[in-house]
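Colleague: Hi! Could you walk me through this one when you have a minute?

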Amino acid sequence: MKKTLKGYDRQNLKRARSIARFMKKRIINKGEVPGTPILVGEQKVAQCLIHLIDFSPTMLDECKFSSIAEAKPYLDTWSVSWINIDGLHDMDLMNQAGDIFHLHPLTLEDITNTDQRPKMEEYDNYILLILKMLVYNKQNRQIEAEQLSLVIGEHYILSFQEKPGDDFDPVRTRIRKQKGRIRSQGPDYLAYVLLDTVIDNYFYLLEDLGDEIEELETELIEGKSDEMLHKLNYYKRELSYIRKNVHPLKDMVSHLIRPDTELVTDDVKIYLKDLEDLILQVYDAIDVYQELLTDLLTVYHTNISNKLNEIIKVLTIFSVIFIPLTFFAGIYGTNFDYLPELHYKYSYLLFWIFLISVVLLMLHIFKKKKWL
Amino acid sequence: MKKTLKGYDRQNLKRARSIARFMKKRIINKGEVPGTPILVGEQKVAQCLIHLIDFSPTMLDECKFSSIAEAKPYLDTWSVSWINIDGLHDMDLMNQAGDIFHLHPLTLEDITNTDQRPKMEEYDNYILLILKMLVYNKQNRQIEAEQLSLVIGEHYILSFQEKPGDDFDPVRTRIRKQKGRIRSQGPDYLAYVLLDTVIDNYFYLLEDLGDEIEELETELIEGKSDEMLHKLNYYKRELSYIRKNVHPLKDMVSHLIRPDTELVTDDVKIYLKDLEDLILQVYDAIDVYQELLTDLLTVYHTNISNKLNEIIKVLTIFSVIFIPLTFFAGIYGTNFDYLPELHYKYSYLLFWIFLISVVLLMLHIFKKKKWL
Amino acid sequence: MKKTLKGYDRQNLKRARSIARFMKKRIINKGEVPGTPILVGEQKVAQCLIHLIDFSPTMLDECKFSSIAEAKPYLDTWSVSWINIDGLHDMDLMNQAGDIFHLHPLTLEDITNTDQRPKMEEYDNYILLILKMLVYNKQNRQIEAEQLSLVIGEHYILSFQEKPGDDFDPVRTRIRKQKGRIRSQGPDYLAYVLLDTVIDNYFYLLEDLGDEIEELETELIEGKSDEMLHKLNYYKRELSYIRKNVHPLKDMVSHLIRPDTELVTDDVKIYLKDLEDLILQVYDAIDVYQELLTDLLTVYHTNISNKLNEIIKVLTIFSVIFIPLTFFAGIYGTNFDYLPELHYKYSYLLFWIFLISVVLLMLHIFKKKKWL
Amino acid sequence: MKKTLKGYDRQNLKRARSIARFMKKRIINKGEVPGTPILVGEQKVAQCLIHLIDFSPTMLDECKFSSIAEAKPYLDTWSVSWINIDGLHDMDLMNQAGDIFHLHPLTLEDITNTDQRPKMEEYDNYILLILKMLVYNKQNRQIEAEQLSLVIGEHYILSFQEKPGDDFDPVRTRIRKQKGRIRSQGPDYLAYVLLDTVIDNYFYLLEDLGDEIEELETELIEGKSDEMLHKLNYYKRELSYIRKNVHPLKDMVSHLIRPDTELVTDDVKIYLKDLEDLILQVYDAIDVYQELLTDLLTVYHTNISNKLNEIIKVLTIFSVIFIPLTFFAGIYGTNFDYLPELHYKYSYLLFWIFLISVVLLMLHIFKKKKWL
Amino acid sequence: MKKTLKGYDRQNLKRARSIARFMKKRIINKGEVPGTPILVGEQKVAQCLIHLIDFSPTMLDECKFSSIAEAKPYLDTWSVSWINIDGLHDMDLMNQAGDIFHLHPLTLEDITNTDQRPKMEEYDNYILLILKMLVYNKQNRQIEAEQLSLVIGEHYILSFQEKPGDDFDPVRTRIRKQKGRIRSQGPDYLAYVLLDTVIDNYFYLLEDLGDEIEELETELIEGKSDEMLHKLNYYKRELSYIRKNVHPLKDMVSHLIRPDTELVTDDVKIYLKDLEDLILQVYDAIDVYQELLTDLLTVYHTNISNKLNEIIKVLTIFSVIFIPLTFFAGIYGTNFDYLPELHYKYSYLLFWIFLISVVLLMLHIFKKKKWL
């Protein structure tokens, strides 16, 4: 057992502490009126950015706003408006958005509280989807999560992210270049495309994590075991963290597919069914790696047992060979007056021959027992 | 194995005994007519305190009573009356309350029996909610539970607590200062706010507990292991105790949300749905810490194995080095008449050189095997 | 490992054998026509006793019969008749009861077969409830089970027990003294009261068992481990036996509460709902003790590991100290002609000083490693 | 570890191989048209035997046929015809039976494929039940399975067995002697009686198996552990094999009880409900023995640990006593010129007294540590 | 612990890497419009092959096409057309097929993405079934999977495979030779036959795997344990891989059996029910082998423990015998002036007799303790 904290250990502790942090954040919300939008989580961007794409099969409009009020005129048209807001700390903006889009106070609270479990809420005039975008930061070997909230209305989609920069640029390109059917579909299809992008990214995450787990396996087979247990536990927790974020997605999508979900057309529901299968594939991949980790833990413990066996085998072989030899040397070290063997000329030579024969016999026996 | 009981051990036993105590309490109830209100549990306050807040959007009335009968006039009005009773030992008061609010005998029995599992019962004219307020007492490292019973009628809410002092003061302040929508809503919303406060407090509890578990992790990684097993088991039981009290809450809230629950308006059901998500988050947090404890147990056992390996390694290194040396010394301690090596001038010097070479060779081998 | 069977071991075997016995009993039933009442189990009383309490809110009649036929006149009245039969071996009596109360042949077979799982059967004109009364016999540390069968008709209740003596005397007193609502209610309420009494007794049983399990914990912490494994396994089986008998009760009561169960009034269903919660509390208590036993098993195995570590530590300390010393003594026991150290005057003294320094150095190192 | 295969080991392997064999049998069916009756399994009887019992409350007819066609006239009557066929290899007979009783091709395939899981299929004019008769062969300690297929029509029952000899003779006697209600009931009641007989036999099987498992327990407590692990694994597999065959029975019987199962009268459904409870009792018995085996496995592993501790204790006691003694002897074997103790008259005596004191002190310490 | 990677280890790593590869494949799909058919997976055949069998009870036509357009005329007839396509890389062909058979874009994507979980999708005019054909490659001990996609229309069946060569030749023969009912049934029956063939093959796969697992068992019982842990883990993963591919089949077939699945006739549903039982049998077989592997893992770990015990026993026996002997030799090697035993004539002889007696006594004790 090393007594210093290095590498994984520190990260280990950091994660554990981050669990506590996740609950500490809640304290600032204490005693607040439910439905008050308060940023729970750290502010990740200096100023909230508003970006709009308004499109129909024949038309495309794109602009950046400094105030959400500027988006209002786009809502009266039949074209699809995708308004993306990066940064959640501007409570005025949030309240304004709440007024313009008739959002329930709880919706605003859910969006700004970045510790939400993924969930789906159906309100009278919109659907709220909350989920996590997960990225693996290879430098500090930590999964970074960013909350994505989607408000799906009849003619618009509102997306909230914690900070600028996302994986949706290919989607934007598809809208701009009229690739695929995205321009001719409503906001439900756009929501599907965004969900699909997020869930696809889970595979990249799992691939990165999986590469490191497989590296661990190679190390274990090669006999390295430095802080192996901490590493295995570390990845176990990371996987369990991912599963906690993927698990509610299945229910979320099933809920969207239900026949009575009005804002989603039957056409898009077929796509969402496909998404459901994709989520099950993510499950499978997590399962595979969790089973792998469990196996590696067994290998690790067997390695420890085998090492013990090996050490004790060395001890036994040396003891079993030399303890009798020492005894025989002791015999001829006794001072008995009458000890005839001592006085023959070849005694010493014969003694050595006898000792070497004993050693060879022992080695032979050990070889037969496959100890050597 | 220490043979004295100290620190955690004693607490350990205390908790275990407290399980037995929990069942001993039932004995006083033995053979009683069901539906007889009897205080099951210890009396925690000298005199029962009755406190009323009566409010409507435009009006607020607050007073303390010595008899529940004084609350009667407030029941006929359309304003919301919140009557809070601290202390459950006054059976006259209980029976009087039962008469005034038309409570079922079983309701009174459930309220005064403080060993109830959290539960929800729907009667003709009111809903009974029973749950636990949990606080972590850092001094004696024990979770303290207090039972909260809520009777939700059409225009009133009755709350029963075991002793004065609670976490509801921010709620009272919100009523007094007309913050949020609480003044314009009915008793169902007030009940939601109280539930929300209780469940929010579970996070503080888990945070405190989590801090101590993470401390354990740091100790384990640093190699300390004093009574570690008892500590790990202790926290495992505490978490399991919390889960037992949180588990039925999910069903309770789901039941309240059902379309056929009449005393809860659709408006409040949206808030309760949000509460359901909060309970799932509590689940997740308990899960995280239970997984952490399981991992720590593995680390603990691996530490024991590693310590054994280390001890045996020391034994083996010393034995493997000195047992052959002793044999060689024994050889030249024999009394053979003809033992030529003994008589050369540099024999003794060569003997030492030989011995030291053997030692160096062994050390080299051990180093190569990474035993040193 | 002791090689004799004492104390727990013998009981252990007895229980195991009692499992086999439970199945051997079935053999006497082999090839019998289904629906033939045959006593499966041992006859526990010399003569069957029949006891009747007939009551209405205004009237009370109590008598003992030698023949079930004497009960017939009480069946035609609207008053509630509780006929209790102790002893199941009189097949004539059983058949007669079957005729008088129009019982299905399978009902008679179920009542006389005392190896039934708890169950509830609804027939056209009555409900059959079968459950176990469990008592902990502290002398031989064994749970004793007695089967209780209740036949609930419209105006009567038939109860069958294996032997005289039960925990229902307080119920009888309540009927006689008109305490509570029992006199003004029907046989369904009486059945509820009897069920409540039986289930309440499970808590006493668990308390007794729990006391002994907690004693085991104290012993384990104090380092005692005599036949500990057998004791832990023993209690594990006892708890598992209780759970097997409690498990079907939840379904039984749920079934009674269903809206379409006709012989139970809505009024009594509220009480049965309360009973359902009580059963869940029994579950919780069993769970708590089972988790405790699992933890104790871990403690036990860790104790064994720790003991091994301690033993090997002693071996290592002695070996590491004395093996080098013996080597040094061996050096000066050699018979080299030229061995200068042997001839100085203070050699022997210096030799001892050297040896003692080595010992002190070793002890210092061990102390630093916390081995001492 | 023994390196020869004896007793249990060989049986162990045989069972494992029998799993493979079970799948090898399927190969002969490869590429066959589904619905073709082919004997999958070994032919267990030289010639198929056909036996008929035709009965009504007032009439009884019994005869043996060489061709199934002879049974035809009995089908037109309203009496109940029970046709039992021993041996499944005569495909002509099977096809003829299929024609006469209008059996679906899949039914014939299912009957002749003796690797079926227990199952129930409802066809237009008959119900097919397939289950296993299990017998414990005490000689070779193996469970022997024989497939029983029941075709329940409106006025007939067809039963197929792999070989002659069964446990149904008491049933036949009851038909002949008009015991019970069997003569006055239809084929559904007869099917119930046959099912009841088969399931009752599972108890005998479990009793036999249980006796041997309890024997293992006694051996383990007495410290014997010859090939214990293989024995425990062996019985674990046997129990798991039984459970696989009992598990689908619950569903089968539940299916028969359903209100829309037409060929079973309500009267018989009451009996089948009783059978359902019996199956649950079989479950419980399997559970009890599986828990017992798990406990025994723990005992076995603890025995190994304890043995290791005991061995190492012996090693430690001897080493700790004799290594210091040898050192002291070594001291006085040195050849220092000036070693005053050597020259006193009582030195040797005092030396022995010193050595013996050391031994006694050590023994005292070991006794206090409870190592002796 | 071996430090080189050989045999299983390398395969082990290869499989693990193949998990990662499975996800790497997804990357090429990144940001693509959903519903675009792209070959996800490796191209396994140079040119796509199209093969058609068109049949009715009275007619049979068979031909190979180079373009899917040539199949068009066959679709207008009422005869059943089975069009099989080997190779999925020709996207023009895929799109053409999509046009001709009116396939949904997602269907095409699903068919060409060979990482699909088995699934069933019902579209307006066809049913899509995707499943895996699994073959065990005994050379490199790896399961090879090939995706089979079936599109079942009203009068046609489209089957897509990754490469030529399959197990459907017996089916083709049955069509050609008019064996069984296949010629007189629709495409739903043909689909059933194909499914039946695929699932039947799982038994062959399991048989092959099972043979190797049983070989492992034999090796373990014989004491061999070379890389046993890696082998056990390897087969565990293979079985888990099979289960992942079999698991969704149960749902798939249940879905096909549902009364509202229109393209499948009631007649064929009876056959599919039989298929459901077959899938359950596959489950059972996987279970059996997984339990076997778990048992083998226990045996493996017990072997390690037993080996340790054996080694330490040898160490203890030698130490316990020779350490006291060495001490006694040491005694008579001391140089006390007055040591009377040294001077008797038979001292040396008596000394040897004493030593041998000690040895014999020890051996006797060890024999009694069953250590020898």
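Colleague: Great. What should I know before reading the numbers?

Modeller: This is a predicted model, where local features need pLDDT of at least 70, side-chain atom pairs count only at pLDDT 80 or more, and totals for chains, interfaces and linings use all residues. Residues are numbered from 1 along each chain as its sequence is written, while chains are lettered from A and ligands numbered from 1 in the order in which they are written.

Colleague: How many helices and strands are there in chain A?

Modeller: Chain A has nine helices and seven strands. Those are DSSP runs, numbered from the N terminus: H or I over at least four residues for helices, E over at least two for strands.

Colleague: And what does chain A span along its principal axes?

Modeller: The C-alpha trace of chain A covers about 120 × 45 × 35 Å. Its radius of gyration is 34 Å, whereas a compact globule of 372 residues would be near 21 Å. That radius is taken over C-alpha atoms, and the globule rule is 2.2 Å times the number of residues to the power 0.38.

Colleague: Helices next. At what angle do α7 and α8 of chain A cross?

Modeller: Roughly 160°, and the axes of α7(A) (residues 228-257) and α8(A) (residues 266-331) come within 9 Å. Axes here are lines fitted to C-alpha atoms, for helices over the stretch in contact, and angles run from 0 to 180 degrees between N-to-C directions. So α7(A) is roughly antiparallel to α8(A); angles over 145 degrees get that label, under 35 count as roughly parallel, 65 to 115 as roughly perpendicular and the rest as oblique.

Colleague: Which residue classes make up that contact of α7(A) with α8(A)?

Modeller: It has 22 nonpolar, two polar and six charged residues. Nonpolar covers Ala, Val, Leu, Ile, Met, Phe, Trp, Tyr, Cys and Pro; charged is Asp, Glu, Lys and Arg; the others, Gly among them, are polar.

Colleague: What about α6 and α8 in chain B?

Modeller: α6(B) (residues 187-221) packs on α8(B) (residues 266-331) at about 15°, with the axes 10 Å apart. α6(B) and α8(B) are therefore roughly parallel to each other. By class, their contact has 26 nonpolar, two polar and three charged residues.

Colleague: How do α8(A) and α8(B) cross?

Modeller: At roughly 20°, with axes that come within 9 Å, which makes α8(A) roughly parallel to α8(B). The contact of α8(A) with α8(B) has 19 nonpolar, ten polar and two charged residues.
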